[in-house]
2 protein chains.
Amino acid sequence: MSVGSARATRAAWADPAELTAAALAGDRRAVARLISLVEDSSAALREVSALLAPHTGRARVIGLTGAPGVGKSTSTSGLVGAYRAAGLRVGVLAIDPSSPFTGGALLGDRVRMVEHANDPEVFVRSLATRGNLGGLSWATPQALRVLDAAGFDVVLVETVGVGQAEVDVAALADTTLVLLAPGMGDGIQAAKAGIMEIADVLVVNKADRPGADHTYRDVVAAVRMAGRPRESIADTAFTGAGAGAAAGSAAADVGAVGGLEDWHPEVIRVAAVSGQGLPELVAAIERHQTWLRASGVLRRRRLRRAGEEISQLALAGLRARLGRLDDGQRLAELARQVTDGQLDPFTAADTLLAGVAG
Amino acid sequence: MSVGSARATRAAWADPAELTAAALAGDRRAVARLISLVEDSSAALREVSALLAPHTGRARVIGLTGAPGVGKSTSTSGLVGAYRAAGLRVGVLAIDPSSPFTGGALLGDRVRMVEHANDPEVFVRSLATRGNLGGLSWATPQALRVLDAAGFDVVLVETVGVGQAEVDVAALADTTLVLLAPGMGDGIQAAKAGIMEIADVLVVNKADRPGADHTYRDVVAAVRMAGRPRESIADTAFTGAGAGAAAGSAAADVGAVGGLEDWHPEVIRVAAVSGQGLPELVAAIERHQTWLRASGVLRRRRLRRAGEEISQLALAGLRARLGRLDDGQRLAELARQVTDGQLDPFTAADTLLAGVAG
């Protein structure tokens with residue numbers, strides 16, 4: 001079908017199949033439209049998803065997370081530039097759950113990525129979360145599928161590293177970067193234990209600022225203390241491999257001494273504003289990607305991601321079914337009994353479920 | 001049954017009924033034990049919950065939320081002191097989703113509430129979230145039930161106001177306080193739109209700091225701009241009622257002019273460290289509680305809360321059922337097909353559900 005005019009294009013895009021075909025051919029507006037369908041939980045997504053499926057699984061997915069103020073947007077922009085310089089097409093999904101009512105709108109596309117705005121091989125999108133993290137958990141992997149199928153070689157998923165969001169991004173990404181910065185005070189201390197669990201690469205941003213050396217040493221010490229790799233696939237985990245003692249040394253040691261069994265998080269110093277350290281960061285990501293493939297962990301992570309994705313969709317379906325039950329009358333009556341202390345919520349939940357699932 | 005010795009007490013508490021009876025009688029260690037059962041998703045909770053049910057619904061539930069650094073713990077401690085001075089028993093649930101892996105442990109009981117540590121009529125508990133907000137959504141209302149049934153007159157639920165947590169606390173509380181502080185920069189601006197949706201009382205803390213007047217005027221202006229009350233139960237909403245122009249004036253206006261229909265968020269200045277403004281804050285909360293009861297909104301909120309609670313438990317049950325299905329073999333095979341692009345996740349979810357729900 002010809003899409004010779006803007007009007008013809010729009011008409012064709014009323015059909016999910018045509019829209020999907022345009023996105024697969026690399027049409028940026030079609031990609032944007034598909035992601036809007038995801039945000040809107042459009043019924044057309046089922047058809048779209050089936051058409052996208054055979055084209056997925058090729059993009060490298062890199063997650064970036066960190067507390068507000070550590071320089072995530074600047075770092076993302078720096079990475080986009082580095083990957084573009086290597087000739088790769090780059091997609092960016094920016095997820096901002098910090099205000100569920102405004103979604104990504106406030107920190108959205110306008111203020112990010114200005115320098116890449118005119119690059120046709122870069123696609124940046126803030127994902128609005130419509131007020132619930134369930135929505136985010138559900139929508140982000142679907143938006144990722146769109147960019148993956150549309151042929152972006154690298155997809156950066158950027159999210160504010162607070163609470164569930166950082167876990168979600170780690171579950172979604174092949175490689176998870178956790179950003180830190182000097183002068184963030186107790187927040188870093190408090191976050192460390194959690195960060196160690198999800199980081200493949202720790203990035204100390206603003207490395208040209210006072211206190212950066214202190215932060216760097218802190219993080220390196222924390223990595224050493226944590227000792228165990230993020231994902232151990234053999235019992236021969238070795239500790240004290242010098243993770244982060246210098247950029248890249250940990251991975252090199254793993255390759256030389258420990259074989260492919262373990263990955264110890266690397267710690268990389270970066271000043272994203274000036275670009276200092278970005279090549280080293282990209283190199284660390286590539287080492288991790290190489291390890292992911294060689295060790296078989298990439299496959300395991302993607303299987304797990306798909307399993308989680310299916311479960312989320314299944315639960316969303318069940319939740320909708322619960323909501324429709326008797327037009328909510330049964331739930332309303334159960335809620336009244338619980339509110340009045342006549343029934344406990346567990347028994348109420350059992351009663352509700354008896355009506356929906358055999 | 002006699003609980004004459006510590007050993008006898010512990011033995012009796014192996015029985016959920018005895019443990020619950022002790023908690024209902026006000027035994028603090030029994031209360032703590034019950035909340036641990038909630039955190040652990042113990043199977044004993046079903047029995048416990050049924051025993052607690054007739055004793056619930058009496059506590060005033062006050063939620064406090066706000067960005068890190070606005071002084072939530074100090075404000076909570078100040079409110080505890082104020083309610084204790086009025087002779088009320090106070091429970092505090094501190095929820096810290098900022099690091100899902102460490103839960104509330106790092107910012108836990110140790111550093112909070114030191115001044116109330118020896119008051120037997122105050123019970124403080126950090127709720128660990130075990131790594132997922134689903135867990136938090138599920139556990140917090142159950143922990144609240146324990147404190148409610150154990151006879152605490154006021155329960156303060158404190159949470160970091162980022163993302164979903166602030167929505168959850170608003171859904172749970174009768175009265176939601178949103179804390180702000182001068183010098184928080186863009187965060188406040190960004191958060192405003194969301195804050196207006198959930199706040200019953202806006203608290204400008206650190207009111208003795210430079211910039212506090214500016215923050216206060218900003219918030220008052222935002223409340224005016226938002227115009228509409230949090231929960232309108234009539235079409236006769238009136239705007240420009242001077243919400244926040246002076247502490248308490250909005251509610252007074254509502255009472256005098258608009259009857260019981262609307263609640264416009266009040267804006268209260270506080271310096272929690274010195275105690276300045278705390279009596280005004282307590283008065284604002286009490287005005288809101290009075291309005292809640294008189295308007296019938298309290299009942300509506302609690303019905304909604306119970307409905308959400310039942311739904312969460314039902315979904316948790318369904319999720320467990322999905323996980324048990326064929327020992328996860330069916331999900332694993334579906335995940336493989338999705339990973340390999342042979343199947344889209346929607347169809348996979350349908351297939352999965354066909355096995356669990358009729």
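**Strands, a helix and salt bridges in a predicted model**

β5(A) and strand β6 (residues 201–204) of chain A pair in the parallel sense over 4 bridges. Two strands count as paired if DSSP finds at least two bridges between them. Within that pairing, L177(A) stands opposite V201(A) in β6(A).

Some ground rules. This is a predicted model: local features need pLDDT of at least 70, side-chain atom pairs count only at pLDDT 80 or more, and totals for chains, interfaces and linings use all residues. Residues are numbered from 1 along each chain as its sequence is written, chains are lettered from A and ligands numbered from 1 in the order in which they are written, and side-chain values use heavy atoms, with hydrogens and water left out.

Back to β5(A). Strand β1 (residues 60–66) of chain A also runs parallel to β5(A), joined by 5 bridges. There, T65(A) has V178(A) as its bridge partner. Strands and helices here are DSSP runs, numbered from the N terminus: E for strands, at least two residues; H or I for helices, at least four.

How many residues of β5(A) are buried? The count is 6 of 6, across residues 175–180. Buried means under 20% relative accessible area, exposed over 50%, and partly exposed in between (1.4 Å probe, protein chains only). In a regular strand the side chains alternate between the two faces of the sheet. Here T175(A), L177(A) and L179(A) point one way, and T176(A), V178(A) and L180(A) the other.

Next, helix α14 of chain A, residues 345–354. Its buried residues are P345(A), F346(A), A348(A), A349(A), L352(A) and L353(A).

Now salt bridges: a side-chain nitrogen of Lys or Arg within 4 Å of a carboxyl oxygen of Asp or Glu. R46(B) pairs with D350(A), with the closest N and O atoms 2.7 Å apart. This pair crosses between chains, from helix α4 (residues 45–52) of chain B to helix α14 of chain A. R46(B) is partly exposed at 40% relative accessibility, and D350(A) is partly exposed at 34%.

Last one. R84(B) and D119(B) meet in a salt bridge, 2.7 Å from N to O. R84(B) lies in helix α5 (residues 72–85) of chain B and D119(B) in the loop between β2 (90–95) and β3 (122–127) of chain B, so the pair ties together parts that are 35 residues apart in sequence. D119(B) is buried at 19%, while R84(B) is partly exposed at 21%.
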